[in-house]
Amino acid sequence: MYRSPVAPGPIIEPMSLAATTPVRPLDAMRLWPERHPLAALVSGPAGAGGGAWARRSILAEPKEIRCVRVPPGTPEREARRAIEAELRGAFRRRVPGGSPHAGWIVSLSYDLGRILEPAAQAPIGARDDRDWPLALLAWCPDTLVFDHATGEWSIAGDPAGVPIDARRLAEAAPGDLSFRAGPVESTVGRDGYEWAVSRTVELIHAGDLFQANLARRIEAPFSGSVRGFATAALGASGAWFGGLIEDEGRAIVSMSPELFLDLDAKRRVVTRPIKGTLPAAADPAGLLASEKDGAELAMIVDLMRNDLGRVCEIGSIRVESGRTIESHPTVHHGVAEVSGRLRDGLDRFDLLAATFPPGSVTGAPKIRAMQVIDELEPARRGAYCGAMGLLGGDGSMTLNVSIRTASITGRGVPHRVDHLEGTLDYWAGCGVVADSRPDAEWRESETKAEVLRLALGDPDR
């Protein structure tokens, strides 16, 4: 993941592998030494159609991991100042040499939006029952890089900082990647979810808002290799903007098809919001013909234009594509593309603060939609609907929208940093508008959960 085909900076000579033994990023994840933590940003096969943003996959052993939290009892304003200062400092840190393929690999929680925009919280909101950090920041100055366009591996930074020899990948053997998960249960049943959709439709008809993205949490006991699950999930999804971050007692696996923000070294910003979903077996023409899905996407395009307008040069914002249909292994999606140019004097944290959380997973107007989400979803989202990606050493930033995302919390196993015993959480959500039907939104959420069932190896779970 992810960066565009720019000059790669301080990368050693490409390490071509024999054509008879091709080793892809998922293979390298399986072969990663089991005593070394892994942070990875993985694009689908051959970039999977994700364009320049999905050209490369990146694997690294973090040299430092920061868990950003608010200490209990901290006053709201003090908490906001402290979190902003910590994140701004991290966002400004650069790797020596300025490689765009090394730096911070990050996961930003949806609930970071509560800090950046305190008005988005409901008076009685969703409970925090997982204690997920607001941000996971993995410092990765030395990375193993795979170019999907050329099929070559290379290293950004110091080869000694990468705990795997890319030249010998084809000779290595994977460790124990077994895992168990299940039974799978929805925290909110069908009746409860359909009631929440109905309530949102009532609020829309009353003029409170135009759209809200409502989600439900699916959870399962988990035991075994996080990497085993991650490689199965990323393989099943073909995620264009996938990733894994391992930390003590937690891991996040994202199978996202959606680009939230790309900021390049020339300060050009691109966002590609998704709205509208059909199962992969359906005719994608049906999605293109859906007025409801087209209206949803148009609302989010306007929202993202407004968000970018807070930090981009006047007159620079363009709707590059109002709506196209993208096909993935399990779904078809409606996608738009909006671009702009970040104003001089502002940096990538300013861009994040103006746009986070992503509009496609909140609704419009954003603050009221976030309040409704907080009122109607019983548990906080954590990593789901936040963002994962890379803060490159050249000042670039590429972040996904962390949909199709699982978080695993639990206790570790001695000498196996990739093994956890605990709980796997996965969320599925839908955009609710004035003419939404609760039963149809439930079925759409089931479609979005299909990739989890495939990753767990049982389509009937």
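Biologist: Which residues of α2 are called buried, and what makes them so?

Modeller: Ala79, Ile83, Glu84, Leu87, Ala90 and Phe91 are the buried ones in α2. Buried means under 20% relative accessible area, exposed over 50% and partly exposed in between, with a 1.4 Å probe and protein chains only. This is a predicted model, in which local features need pLDDT of at least 70, side-chain atom pairs count only at pLDDT 80 or more, and totals for chains, interfaces and linings use all residues. Residues are numbered from 1 along each chain as its sequence is written, and side-chain values use heavy atoms, with hydrogens and water left out.

Biologist: How do you know that the buried residues of α2 line one face?

Modeller: Seen down the axis of α2, the buried residues fall within an arc of 135 degrees, so they line one face of the helix. The arc is taken over the directions from the helix axis to the C-beta atoms. On the face turned away from that buried side, α2 carries the exposed residues Arg77, Arg81, Ala85 and Arg92.

Biologist: What makes a space a pocket or a cavity?

Modeller: On a 1 Å grid over the protein atoms alone, a cavity is a set of points where a 1.4 Å probe fits but cannot get out. A pocket is an open set with protein on both sides within 12 Å along at least five of seven lines. Lining residues have an atom within 4 Å of a point.

Biologist: What lines the largest pocket?

Modeller: The largest pocket is lined by 32 residues, with Val70, Ile115, Asp128, Leu134 and Arg380 nearest its centre. α2 gives the most to this lining, with 3 residues. The volume of the largest pocket is about 580 Å³.

Biologist: How many cavities are there?

Modeller: The search of the whole structure finds 5 cavities of 30 Å³ or more. The largest cavity has a volume of about 180 Å³. Among its 21 lining residues, Asn213, Lys275, Arg404, Gly429 and Lys448 are the closest to the centre.

Definitions and conventions
Grid points are joined across faces, edges and corners, and a volume is the space filled by probe spheres set on the points. Helices (H or I, at least four residues) and strands (E, at least two) are DSSP runs, numbered from the N terminus.
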